[in-house]
Each structure stands twice: as structure tokens, then as C-alpha cells.
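Subject: Structure handover

Hello,

Here is the structure I promised to pass on. Please open it alongside this note; my findings follow below.

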Amino acid sequence: MASRRLRKDHGLSAEPRHALLAVPITLIVIITVLDILAPPSVHLGPFLVAAPAVTASFAGPWTTGCVGALAVLAQAVVAVVRTSLIDLNHTVQLIALILISAFVTFFAYRRERHEKELTQLRSVATAAQEVVLKPLPHRIGPLRIASVYLAAETEAQIGGDLYAAARTAQGTRIVIGDVRGKGLEAVGDAALLLGAFRGAAHRQADLPALVTFLEGTVSSNLDDPAAPEDEIKDRGEAFITAAVLDVPDDEPALHLINCGHPPPLLLRGGQMGLLEVRHPAPPLGLTEFVETNLSAETFAFQPGDIVLLYTDGVIEARDRDGTFYPLAERVVSKSGKGGPDALLAHLCKDLLRHAGGHLDDDAAMVAIERMPGSP
């Protein structure tokens with residue numbers, strides 16, 4: 001699992017939909033039989049409307065219309081058996097059933113069309129994001145890396161989570177970030193930052209210079225004078241949280257600048273610690289509002305250690321009781337056995353179980369292990 005994306009398909013397959021058809025058909029049969037056998041003063045025909053109404057909740061307009069027609073036919077049979085088709089009571093019931101069946105059929109048509117539009121929008125947005133977010137290699141120098149992108153399932157509102165790695169002459173540089181906002185605009189901001197990182201990571205001499213360059217790229221994009229006035233107003237609140245790491249090949253350490261991003265976790269020998277910097281930088285795009293002196297802080301990163309990078313979609317995932325996902329606790333429970341691949345596989349499964357099978361926000365994780373035997 002060097003790099004992967006996970007997305008769940010919520011649409012019902014053809015087989016479950018066909019199985020569900022037994023429900024409205026059974027309703028029609030039961031109501032028809034009971035109505036025929038009922039005393040003259042009891043009329044159960046109006047309950048037939050439940051059949052097309054239930055069908056519209058899971059099936060398309062053609063199936064809903066057919067079930068509605070079957071319900072109308074059943075009501076006509078009841079009318080003929082009990083009195084006649086021209087009986088006022090049954091005539092009114094037939095007309096009402098026809099009108100309601102037509103209404104729910106139209107509702108099924110609108111729902112199906114809306115679902116298709118959302119699927120198309122999501123496909124376009126996902127394709128754009130996959131072009132931007134290239135898979136990370138499984139091995140970079142003395143590092144073993146695994147990454148995962150868990151896509152949210154809220155219509156077409158994909159997020160701007162991002163990660164990338166770049167090889168330099170002295171080691172490896174890695175960035176993980178989260179763009180404020182969602183949709184294609186967030187993907188565009190992520191593409192801008194990733195392009196700047198990939199182009200400059202091997203050219204900037206030190207980490208503060210690289211982050212300064214990234215900040216300049218993000219800020220210049222936010223201040224684009226060619227953008228429409230309403231877009232400029234909206235973009236005034238845009239920013240990107242990011243953690244930028246430099247992992248040298250020849251020393252058991254890593255250098256970190258954190259720009260408003262959740263702190264990485266370090267797993268060592270079954271123990272977990274937070275890599276919290278003493279002087280965090282503001283998110284990229286906000287440095288003009290906050291004076292800051294960028295400086296990298298150094299942490300021990302020994303062979304066998306695993307560093308976990310993640311976005312806030314992980315720690316902000318809630319269960320049905322509203323409890324946030326306890327990432328640190330779950331990382332310790334895994335104890336790093338099996339390396340970064342096994343760790344992320346465990347966390348993905350556990351996170352989705354905690355969130356009830358779906359996420360409201362995109363989530364990304366990158367696990368980095370310094371291989372045993374390396375400096």
C-alpha cells in the first residue's frame with residue numbers, strides 16, 4: 001500500500017434493488033386481498049399508495065411507474081369485485097392513486113437525475129485531484145513510505161488535502177497540507193502548492209527558504225489582480241495549513257516547520273510522541289497578517305521509527321455520539337508492527353469503523369519509516 005485512494009460506492013447494486021421490489025409488490029398483494037375480504041364499510045384501497053411511494057425511495061422512474069400502474073390495476077380489481085368501477089368511492093380512490101403514482105414517479109425521475117449529475121461532478125473533480133496528487137514511491141533513499149487518501153462522501157465537495165515527496169542531494173523532503181475549502185478551487189490551490197514544492201524542494205538550500213518560497217507562491221496566487229472582484233473577496237480568507245519535513249540521509253533526525261498543521265506523530269518501540277514545534281508558523285497565505293521568523297526544529301528520527309503525517313479530516317472524524325477519532329490512542333494500539341503499510345491499513349479500517357463507514361471530510365495520511373541499518 002505505497003499509495004492508494006479509498007472511496008465507497010453508496011449506490012445500490014441491481015441485485016439489492018430487485019430484491020427490494022418484493023416489498024411494494026407484497027404490499028399490493030396483501031392490501032388487495034384484505035380489501036376484498038373486508039366488510040363493506042371498510043376500505044383499504046387508499047393504502048395502496050404506499051407501494052409506489054416506497055419504490056420511489058430506491059428505484060428509478062420506470063420501475064416506480066410500473067409499480068404505480070400495478071397498484072392502480074389492483075385497485076380496479078378491488079372495485080370490480082366489491083362493487084363496480086363507476087362506484088363513486090372507488091372512482092375517487094382510483095383517481096387519487098393515479099395522481100399520487102404520477103407524482104412519486106416524477107420524484108423518482110428527479111432523484112435519479114440528481115444522482116447522475118452528482119456522480120458526474122464527483123468523477124470530474126476526482127479525476128482532477130488524481131492528476132494533482134501523484135502517488136508517493138514506496139522507497140525513497142533510507143525511507144520506507146506508505147500513503148493513503150480517504151475521500152469524503154459528501155456530494156461532489158472533494159477537499160484540498162495534499163502530500164508530496166522530493167529527493168534532494170542530502171536527503172528527502174516531504175510536505176503534507178490541507179487547503180481551506182472544498183471543490184475544484186481547493187484542488188487548484190493544492191496543485192499550485194504541490195507544483196511549487198516539487199519545483200523548489202531540490203533547489204532551496206534550507207527548509208526555511210523552501211517554506212518562504214511556498215508562502216510567496218500561495219500569497220501571490222491569493223493576491224492575483226486579474227481575478228474577479230467577488231472571487232478576490234472570497235479568496236481573502238483562503239489559506240493552507242502545511243507541515244514540511246527535511247529528512248537527511250546521513251543523520252538520525254528530521255527537521256520540521258509546521259505552518260498551522262496538526263503535529264506529526266512519532267512511533268518508537270511501542271511508544272508514541274507528538275512532534276510539536278516550539279514556534280509554529282502561521283498557515284501559508286496568512287504570514288502577511290502575522291510576523292514570523294521561520295526556523296526549522298530538529299527531532300530525533302532513528303532507524304525503526306515511524307512518523308505519521310495526517311490531515312484534520314482524520315482527527316475530526318466523529319462517531320454517532322459525536323466523539324472525535326482518537327488517533328494517538330489507535331496508533332499506539334498498533335505499535336508499528338508491520339511497518340508503515342500495516343499501520344495505515346489498520347488506521348484506515350479503524351477510522352472508517354469509528355465514523356460509521358463514511359467520512360464528512362477528505363482525510364490523508366502518510367507514514368514514514370527510517371529503515372533499520374540506515375544512519
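In this predicted model, L267 stands opposite I306, a residue of strand β11. The pairing behind that is between β11 and strand β8, which covers residues 265-268. The two strands run antiparallel, with three bridges between them.

Look for Y310 here: its bridge partner in β12 is M365.

How many residues of β11 are buried? Five of the five, residues 306-310, so the strand is largely enclosed by the rest of the structure.

Now move across β12 to strand β3, residues 143-150. β3 and β12 are antiparallel and share eight bridges. M365 turns up again, because in this pairing V148 stands opposite M365 of β12. Seven of the eight residues of β3 are buried, so β3 too is largely enclosed by the rest of the structure.

β3 has one more neighbour to check. Strand β2, residues 139-140, is joined to β3 by two bridges, and the two run antiparallel. R139 has R144 of β3 as its bridge partner. β2 and β3 make a hairpin, with two residues between them. G141 sits in that turn and has a positive phi of about 55°.

Next, the helices. Helix α11 spans residues 339-354, 16 residues in total. From its first C-alpha to its last it reaches 22 Å. That is close to the 22 Å expected at 1.5 Å a residue. Its buried residues include G339, P340, L343, L344, L347 and L351. Also among the buried residues of α11 are D341, C348, D350 and H354. After α11 comes G356, with a positive phi near 75°.

Helix α7 covers residues 207-222, and E215 lies in it. Is E215 buried or exposed? E215 counts as buried, because its relative accessibility is 9%, and the cut-off for buried is under 20%. Which residues does E215 touch, leaving aside its neighbours within four places in sequence? The contacts are P283, L284, G285, L286 and T287.

Three elements each supply at least two lining residues: β5 (171-182), α7 and β6 (240-248). By class, the lining has six nonpolar, six polar and five charged residues.

One last stop is S57. Find S57 in the loop between α3 (50-56) and α4 (61-82). S57 is exposed, with a relative accessible area of 52%. In sequence, S57 and R111 are 54 residues apart. In space, they are 8.8 Å apart, C-alpha to C-alpha.

Then follow β12 to β3, and β3 to β2.

Best regards

How values were computed
Residues are numbered from 1 along each chain as its sequence is written. This is a predicted model: local features need pLDDT of at least 70, side-chain atom pairs count only at pLDDT 80 or more; totals for chains, interfaces and linings use all residues. Side-chain values use heavy atoms; hydrogens and water are left out. Helices (H or I, at least four residues) and strands (E, at least two) are DSSP runs, numbered from the N terminus. Buried means under 20% relative accessible area, exposed over 50%, partly exposed in between (1.4 Å probe, protein chains only). Contact means heavy atoms within 4.5 Å. Ala, Val, Leu, Ile, Met, Phe, Trp, Tyr, Cys and Pro count as nonpolar, Asp, Glu, Lys and Arg as charged, and the others, Gly among them, as polar. Two strands pair if DSSP finds at least two bridges between them. The expected span of a helix is 1.5 Å times one less than its number of residues.
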